[in-house]
Amino acid sequence: MRHWRRHGTGPLPTGAEALDEPFNAFPSWFLRITCARCGQERMVNQVHAAKSDLPLRDILAKMRHERCGGLAGKAELLTGIEGVSSRAGAADRAAG
Ligand SMILES: [Zn+2]
């Protein structure tokens, strides 16, 4: 099985290819999911995903937003570092 490391230098799969890969092909990556109903973003770490041996397509199809029951709208794979640093809001709150 192929793996994509967070700090690897190899080419990453396209979005369509990634959907057919199991989540655990991306060790320690984050999945940023945007709720199709309310638009809220969630971050799921592969390490904490319950069924990370399933293809991402299946995981997303089963996923529901706890708060509103909405389906997963948009999903994006991020390395942890990128995922955290791109959320500028967290830094603003810490400063204020
Ligand atoms: Zn929602």
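Q: Leaving aside its neighbours within four places in sequence, which residues is L56 in contact with?
A: In this predicted model, contact is judged by C-beta atoms lying within 7 Å of each other, and residues within four places of L56 in sequence are left aside. The residues that remain in contact with L56 are A18, L19, E21 and F23.

Q: Which element gives the most residues to the largest nonpolar core?
A: The largest nonpolar core has 10 residues, among them A18, F23, L56 and L77. Both α2 (56-62) and β1 (30-35) supply at least two residues of this core. With three residues, the element that gives the most is β1.

Q: Is L31 buried or exposed?
A: L31 has its place in strand β1 and belongs to the largest nonpolar core. A residue counts as buried if 20 or more other C-beta atoms lie within 10 Å of its own. Because L31 has 24 other C-beta atoms within 10 Å, it is buried.

Q: How many Å apart in space are L31 and N45, C-alpha to C-alpha?
A: Leaving aside neighbours within four places in sequence, L31 is in contact with V44, A75 and L77. L31 and N45 lie 14 residues apart in sequence, and their separation in space, C-alpha to C-alpha, is 6.3 Å.

Q: Which strands are the edge strands of the open sheet?
A: The open sheet has three strands in the order β2-β1-β3, and the pairing is antiparallel. An edge strand of this sheet pairs on one side only, and the strands that do so are β2 (41-45) and β3 (72-78).

Q: Which residue in the turn of the hairpin formed by β1 and β2 has a positive phi?
A: β1 and β2 run antiparallel and are joined by five bridges, one of which pairs T34 with E41 in β2. The hairpin has five residues between the two strands, and the residue in the turn with a positive phi, about 80°, is G39.

Q: What is the phi of S28, a residue other than glycine?
A: S28 has its place in the loop between α1 (15-19) and β1, and it counts as exposed because it has 12 C-beta neighbours inside 10 Å. Most residues other than glycine have a negative phi. The phi of S28, however, is positive, with a value near 70°.

Notes: Residues are numbered from 1 along each chain as its sequence is written. This is a predicted model: local features need pLDDT of at least 70, side-chain atom pairs count only at pLDDT 80 or more; totals for chains, interfaces and linings use all residues. A nonpolar core is a set of buried Ala, Val, Leu, Ile, Met, Phe, Trp, Tyr and Cys residues joined through C-beta atoms within 7 Å. Helices (H or I, at least four residues) and strands (E, at least two) are DSSP runs, numbered from the N terminus. Two residues are in contact if their C-beta atoms, placed from the backbone, lie within 7 Å. Two strands pair if DSSP finds at least two bridges between them.
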